[in-house]
Amino acid sequence: MGTHMTGGRLLHGGDYNPEQWLERPEILEEDIILMKEAGINCVTLGVFSWSMLEPEEGRYDFAWLAERIDRLYENGIQVILATPSGAMPHWLTQKYPEVMQVQEDEKRNLPGLRHNFCYTSPVMREKIRRMDLELSRRFGKHSAVILWHISNELGGNWGDGACHCEQCQSAFREWLRQKYHTLEELNHAWWNRFWSHVYTDWEQIHSPAPHGEALSHGLKLDWKRFVTEQMTDFCRGEIYAVRKYSNRPVTTNFMDFFKNLNYHRLQSCLNVISWDSYPQWHASKDEVPAAVRAAAGHSMMRSMKKQPFLLMESTPSCVNWRSFNPVKRPGMHMLSSMQAIAHGSDSVLYFQWRKSRGAYEKFHGAVVDHRNGGAARTFREVSEVGERLAAVQGLIEGTVNRPGAAIVFDWENWWALEDASGPRLDLDYVSEVLKHYQVFWEQGVDVDFVSMDEAFESYRIVCAPVNYLYRKGYAERVRAYVESGSCYVSTWFSGVADDTDLCFTGHHPLEDVLGILPEEIDAPGEGFENGFVYQGAHYSTGRICEIVHAAADTQVLAAYEQDFYAGCPAVARHSFGQGTGYYVAAETGLDFLRAFYQELLSEAGLHSPLGVPLPYGVTTAVRSGEREIVFVMNFRQENVSLQGIGDWEDAETGEICRDRLELGGFSLKMIRRKGA
Ligand code: GLA
Ligand code: ZN
């Protein structure tokens, strides 16, 4: 989609806020000149422009925007047009206070900030609908406009990202009625006889709150589902409005592993996936954790539609919201931008084009700084990215990553797992998943992230770390997948509860596939260290040790060494049908996962296209389709030399790499098989 929409161009540009500079025509003129110099071909307009687009209720002033769009278009720069619901004008909140979000503690927000509207409020929906219709009528067919950007970072940055106002409460009750039909059903699903929480009237149901029902897992899970549905419905309302006079595709910008909204649901109403990526580069000399997390984010976004996505925001330099904000070291801007392309992005877009003079983000990195314009280092490095993107777009067009491995990442599992009040209260789903992802990344093997609802058939390996919740039908699909000859990895604390967080009784739903019978789950304290030997090497277990028993035909690959469960399987393998199920019963470190997956990957025939072990900090990704391009990335500050890799051609320079490849510190090369 991405590439079709962009007409084969890799987009380069980002958020542009000319409304902050309307009194400075020389600045607006300089913007165009500098954009061309930096190879900018696309900007995002209007993200937070509501007060400048509708200065008073019902009076629309689009002149400044029209002037900019025309001017950009004359200069070959395309436009992503945003709807302005990300921040509300004061006239709106003053006249209709009910548009403001109400927090968990029932306090209504005061006006200001952003991302703080009630997405149920009919007034809010109507006001933004009218705005969107006007924008669509006016600009929806403009040749410059290629994409609609709905709102901004939906789900916002307040508490649980939800609105708890009375209108949202009644919408929630209505949603529950549709789902459960009777209170009897609901009471059962949430196990409400516990602590005498049986509801006898729908009106008794209230959203979770710290000073109210904070511990009902069923309620909290359904509340989160409702919030996603309601936000999706709000988003759909905006999409419906902008599409009235326009056939341009729509997106909204997602965030890095954002817990408040189930993106797998929200994505279904969008044509293009886009996200905002702000890795924490240079937090230490080891860039791998940041590189892995960024790569995982890109892989996640690509996996949503198995299509190219857009990097909607990134910083050309630094951010301003961490406790310390290093600027990107020379080379890192190019590398991190190309990393997005390597994992399936069809764009490198920034927040933001020009640094604002005042207010909260005046020190956030931008392409054009307060001083030095086109002479600054950041500007030059951005220009180099622009030049490179323009040069390689022909190589990228019609390609996307098609990994042979997938990791199950599922929002409902995330919510339920971290809320489970189980063996540990500090379970962190994302970091556990990232450990598994990192091992693939280190091997130079890209991975898709899939929800529990997706088809696994195109993958040779699927791993599902801490897959606590099994949605209805999931176990059956995994069973069929393994039976037909594939490999499935499960870990500790998996297959425990169903859709409403009721524990399975009797058997583990995949007992037959995995060949294990779970009995207890231990969260050992200090002094109770345990470990196991796997393929001759010793590994320590972490703070979770599940005690499971092996079925008669299960192969125990490693067993606990200590405590009363010494001898019980820590790692097990079980053949099922044509395939194999693995169970990792204990929390482990990267050291074990490296050894474990190396074995599995080689069995499955998955490896880096370079065919050699990669040094720490180096990885590969492949985009294929009309042609195949291999991206080799070095996230170390030192040069590396890769040898024994066969013969390749540098796809950008045509240089032949005979059995070796040299990479500078913080750099990326695009190569292809010689003669391909
Ligand atoms: C988010 C927002 C932007 C900007 C950046 C700063 O991604 O969408 O408007 O505030 O953060 O990093
Ligand atoms: Zn509300």
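Patches are made of residues with over 30% relative accessible area and no salt bridge, where like charges are joined within 9 Å and nonpolar side chains (Val, Leu, Ile, Met, Phe, Trp, Tyr) within 5 Å. A salt bridge is a side-chain nitrogen of Lys or Arg within 4 Å of a carboxyl oxygen of Asp or Glu. Accessible areas come from the Shrake-Rupley method with a 1.4 Å probe, and for residues only the protein chains shown count as cover.

This is a predicted model, where local features need pLDDT of at least 70, side-chain atom pairs count only at pLDDT 80 or more, and totals for chains, interfaces and linings use all residues. Residues are numbered from 1 along each chain as its sequence is written, chains are lettered from A and ligands numbered from 1 in written order, and side-chain values use heavy atoms, without hydrogens and water.

First, the surface. W191, F194, W195 and L215 make a nonpolar patch of about 530 Å². W195 sits in the loop between α8 (183-189) and α9 (217-242); helices (H or I, at least four residues) and strands (E, at least two) are DSSP runs, numbered from the N terminus.

Now the zinc ion (ligand 2). Which protein donors does it have? They are C118 (SG), C163 (SG), C165 (SG) and C168 (SG), 2.3 to 2.4 Å away. Donors are N, O and S atoms within 2.8 Å of the metal (3.2 Å for Na, K and Ca); water is not among the atoms, so sites may look incomplete. C118 lies in the loop between α5 (90-95) and α6 (122-139), and C163 in the loop between β4 (145-149) and α7 (166-180), so this pair ties together parts 45 residues apart in sequence.

Last, N467. Its loop runs between β13 (461-464) and α16 (474-483).
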